[in-house]
Amino acid sequence: MTEVVATARRSRITPEREAELYEAVLDLLREVGYDALTMDAVAARTKSSKATLYRQWGGKAELVAKAVRHNKPGGMALDEIDTGSLKGDLHALTMRSDDCEMEQNSALMRGLAMAVHSNPDLLRAFREHLIEPEMATFRRVVQRAVDRGEVRADNPAIEFMMHMMLGGFAARTMLDELPPTQAFLMSYIDAVVLPALGIPTD
């Protein structure tokens, strides 16, 4: 009976309201960072009660992880893409975010990187809601390429595809002091990711 009541309470938040809350959380993260973000601040910014926030998300780590996932047209969006080739799928994924969105997301993820590794609750929430689902989605997309005969099933680079994709995104700022862009990421995919998987790019 308690579970039924809790579920009914959680269901009162509409998808539109949930999206508003997530956007407010991301705005606050950009303004103050994870460590300084409080549920009180989220409640004030969104005109919500703190009790409602805790009832819906349990705590700050869960709320932040789900807000990032909601805002991210990343690997999980690949389930909605099937162009008939892995190159087409990865290029279509890259086009989901314009250069401005990529710059904002890059700055947000840089700010969260230290917090993730120093906060066990946030790391657990990120693994549950972002890392593991996204890795599973990329594996399904690569399996489609294997089934089509584009990629050999025993190619060792398959296990490092997520590492390659995230590495290019992160290294753009660290090494070049420039934000990632659509043009950069598509060039990176063609020059690094696809050749590693044995797919010609000519």
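Predicted model: local features only at pLDDT ≥ 70, side-chain atom pairs only at ≥ 80, totals over all residues.

Biologist: Let me start with the overall layout: into which domains is the chain divided?

Modeller: The chain is divided into domain 1, covering 11–60, and domain 2, covering 72–197. Taken over C-alpha atoms, the centres of domain 1 and domain 2 are separated by 27 Å.

Biologist: How should I read the interface, and how much area do domain 1 and domain 2 bury between them?

Modeller: The size of an interface is often given as the accessible area lost when the parts come together. Here domain 1 and domain 2 bury about 500 Å² between them, and 69% of it is on carbon and sulfur atoms. On the side of domain 1, the residues that lose the most area to domain 2 are Leu29, Arg30 and Tyr34, which together make up 84% of what that side buries. Counted by residues in contact, 4 residues of domain 1 meet 7 residues of domain 2.

Biologist: How many salt bridges are there between domain 1 and domain 2, and what classes of residue does domain 1 bring to the interface?

Modeller: Between domain 1 and domain 2 the count is 0 salt bridges, and the rule likewise finds 0 residue pairs in polar contact across that interface, where both residues must be at pLDDT 80 or more. The side of domain 1 that touches domain 2 has 3 nonpolar residues, no polar ones and 1 charged residue.

Biologist: Turning to the backbone, which value of phi does Lys47 have?

Modeller: Most residues other than glycine have a negative phi, and most peptide bonds are trans. In Lys47, however, phi is near 55 degrees, a positive value in a residue other than glycine. Lys47 is found in the loop between helix 3 (39–46) and helix 4 (50–57), and with a relative accessible area of 74% this residue is exposed. Glu177 is another case, with a positive phi of about 55 degrees although it is not a glycine. The place of Glu177 is the loop between helix 9 (161–176) and helix 10 (182–196), and at 69% relative accessibility Glu177 counts as exposed.

Biologist: How many salt bridges does the rule count?

Modeller: Side chains of opposite charge can pair when their charged atoms come close. By this rule the count comes to 15 salt bridges. One of them joins Asp40 and Lys50, whose closest N and O atoms are 3.1 Å apart. Asp40 lies in helix 3 and Lys50 in helix 4, so the pair ties together parts that are 10 residues apart in sequence. Asp40 is partly exposed, with a relative accessible area of 47%, and Lys50, at 34% relative accessibility, also counts as partly exposed.

Biologist: And where do Arg124 and Glu128 lie?

Modeller: An α-helix has 3.6 residues a turn, so residues three or four places apart point the same way. Arg124 and Glu128 both lie in helix 8 and are 4 residues apart, about one turn of the helix, and their side chains meet in a salt bridge of 3.2 Å, N to O. Arg124 is partly exposed at a relative accessible area of 40%, and Glu128 counts as partly exposed at 42%.

Biologist: With which residue does Arg127 form a salt bridge?

Modeller: Arg127 forms a salt bridge with Glu132, the closest N and O atoms being 3.7 Å apart. Arg127 is partly exposed, with a relative accessible area of 38%, while Glu132 counts as partly exposed at 44% relative accessibility. Elsewhere, salt bridges that share partners join Asp82, Asp89, Arg144, Arg148 and Glu150 into one network.

Biologist: Is His129 buried or exposed?

Modeller: Residues count as buried under 20% relative accessible area, and His129, with a relative accessible area of 8%, is therefore buried. The place of His129 is in helix 8, residues 120–148, and its side chain makes a polar contact of 2.7 Å with the side chain of Glu62.

Biologist: Finally, which residues of helix 6 are buried, and what covers them?

Modeller: In helix 6, residues 86–94, the buried residues are Leu86, Asp89, Leu90, His91, Leu93 and Thr94. What covers these buried residues of helix 6 includes helix 7 (99–118), helix 8, helix 9 and helix 10.

Terms used. Residues numbered from 1 in each chain as written. Heavy atoms only, no water. Domains from an automatic or database assignment. Contact = heavy atoms within 4.5 Å. Buried area = accessible area lost by both parts, 1.4 Å probe. Salt bridge = Lys/Arg side-chain N within 4 Å of Asp/Glu carboxyl O. Polar contact = N/O pair within 3.5 Å; in protein donor to acceptor, adjacent residues only side chain to side chain. Nonpolar A, V, L, I, M, F, W, Y, C, P; charged D, E, K, R; others polar. Helix = DSSP H or I, 4+ residues; strand = E, 2+ residues; numbered from the N terminus. Buried < 20%, exposed > 50% of the residue type's maximum accessible area, 1.4 Å probe, protein only.
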